[in-house]
Amino acid sequence: MGQRALLAALLASSATACAPALPSFAGSRTTPADRVDVVAGMAARVPTGDLASGDSLALAGPAGIAPAGALRVGVSPELDMGLVVSSASGRAELRYGTRVGQLRAHVGLAGFGGYAVTDPDANGAQGSGWRAGAFVPLTLAFDVAGILEAWVGARFAFERVEGQLGPMAMGLASDAWGVRGGGVLGAALGFRRVHVLAELAIDGEWWSGHAGSVAFERAGVSLTPAFALRVRF
């Protein structure tokens with residue numbers, strides 16, 4: 001019951017934010033069989049370069065800080081499945097893990113979607129729409145006696161965003177395709193079943209789309225720092 005209440009709180013709080021931060025919260029391995037990992041924390045999206053300029057990406061990639069969390073269930077010693085939430089978006093994922101010498105490797109496949117919204121303008125008007133895409137993380141990790149974990153990985157995603165910029169009566173129809181690829185570095189410190197996680201992802205992004213009748217292309221780098229508490233039941 002406590003796990004369900006915590007997940008509901010994560011989903012409700014995430015729905016109030018608008019930055020589409022995309023944390024991995026990978027950990028050093030997939031969730032063990034018959035165990036449940038509950039993760040609760042914060043993630044931020046920090047776009048740079050062309051990604052941080054202009055209104056054309058207001059729906060696709062705004063900056064900001066948002067609640068983030070995850071619920072993962074171990075299906076077998078090598079496989080887990082779960083839900084990761086960040087901002088008003090969520091992704092359902094499946095991960096497979098195996099040992100590589102003294103290290104652990106895991107690969108995932110996820111589909112995600114959610115609500116896209118801009119911050120209010122000077123008149124209080126907001127744009128809104130939807131986003132959907134796919135996400136593939138690849139991770140190599142190790143742990144020390146269950147106390148210290150560290151991981152490094154690569155991640156790839158593509159995304160579609162559609163919506164309306166500004167008030168419905170006079171707003172601009174907006175749509176965009178985005179491709180994202182980069183790496184993530186993370187660590188966790190704790191004891192037994194409680195760990196504090198911290199990670200930083202650096203992604204190159206390319207977006208192409210339309211805002212009204214104006215076409216645009218944007219490319220740049222985005223940073224995604226994230227911090228969380230993980231409890232394993």
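On a 1 Å grid over the protein atoms alone, a pocket is an open set of points with protein on both sides within 12 Å along at least five of seven lines, while a cavity is a set of points where a 1.4 Å probe fits but cannot get out; in both cases the lining residues have an atom within 4 Å of a point. Keep that in mind as we walk through this predicted model, in which local features need pLDDT of at least 70, side-chain atom pairs count only at pLDDT 80 or more, and totals for chains, interfaces and linings use all residues. Residues are numbered from 1 along each chain as its sequence is written, and side-chain values use heavy atoms, with hydrogens and water left out.

Let us start with the second largest pocket. Its lining consists of S28, R29, P32, R35, D143, G146, E149, R192, R193, H195, R230 and R232. By class, eight of these lining residues are charged, three are polar and one is nonpolar. Here Ala, Val, Leu, Ile, Met, Phe, Trp, Tyr, Cys and Pro count as nonpolar, Asp, Glu, Lys and Arg as charged, and the others, Gly among them, as polar. The space in the second largest pocket is about 190 Å³, where a volume is the space filled by probe spheres set on the grid points, and points are joined across faces, edges and corners.

Now step back to the whole chain. The protein chain has 10 strands and one helix, and from the N terminus the order of its elements is α-β-β-β-β-β-β-β-β-β-β. These elements are DSSP runs numbered from the N terminus: helices are H or I runs of at least four residues, and strands are E runs of at least two. Of the 233 residues in the protein chain, 47% are buried; buried means under 20% relative accessible area, exposed means over 50%, and partly exposed lies in between (1.4 Å probe, protein chains only). Among contacts with a separation of 6 or more, 62% join residues 24 or more positions apart, a contact being heavy atoms within 4.5 Å. The accessible surface of the protein chain is about 10700 Å², and carbon and sulfur atoms own 68% of that surface. Accessible areas come from the Shrake-Rupley method with a 1.4 Å probe; for residues, only the protein chains shown count as cover.

Strand β2 (residues 64-74) pairs with strand β3 (residues 79-86) in the antiparallel sense, over seven bridges; two strands pair if DSSP finds at least two bridges between them. Along this pairing, R72 stands opposite G82 in β3, and the hairpin of β2 and β3 has four residues between the strands. Next, β3 pairs with strand β4 (residues 89-100), again antiparallel, over eight bridges. There V85 stands opposite G90 in β4. The hairpin of β3 and β4 has two residues between the strands, and S87 takes a positive phi near 60° in that hairpin.

The structure holds five cavities of 30 Å³ or more, and the largest cavity has a volume of about 120 Å³. It is lined by 14 residues, of which P20, A21, L22, S89 and F112 are the closest to its centre. At least two lining residues of the largest cavity come from each of β3 and β4. Seven residues of this lining are nonpolar, three polar and four charged.

The second largest cavity has about 50 Å³ of space. S24, A26, R72, R91, E93, R95, H106, F135, P137 and T139 line the second largest cavity, with β4 and β6 (128-144) as the elements that give two or more residues to the lining. The lining of the second largest cavity has three nonpolar, three polar and four charged residues.

In strand β7 (residues 148-165), take a look at G163. Its C-alpha atom is separated by 6.3 Å from that of W130, 33 residues apart along the chain. Leaving aside residues up to four places away in sequence, G163 touches L59, S128, G129, L172, A173 and S174.

Finally, the backbone has two spots to check. Most residues other than glycine have a negative phi. F25, although not a glycine, has a positive phi of about 45°, and F25 is found in the loop between α1 (2-14) and β1 (36-47). With 2% relative accessibility, F25 counts as buried. D34 is found in the loop between α1 and β1 and has a positive phi of about 65°. D34 is exposed, at a relative accessible area of 74%.
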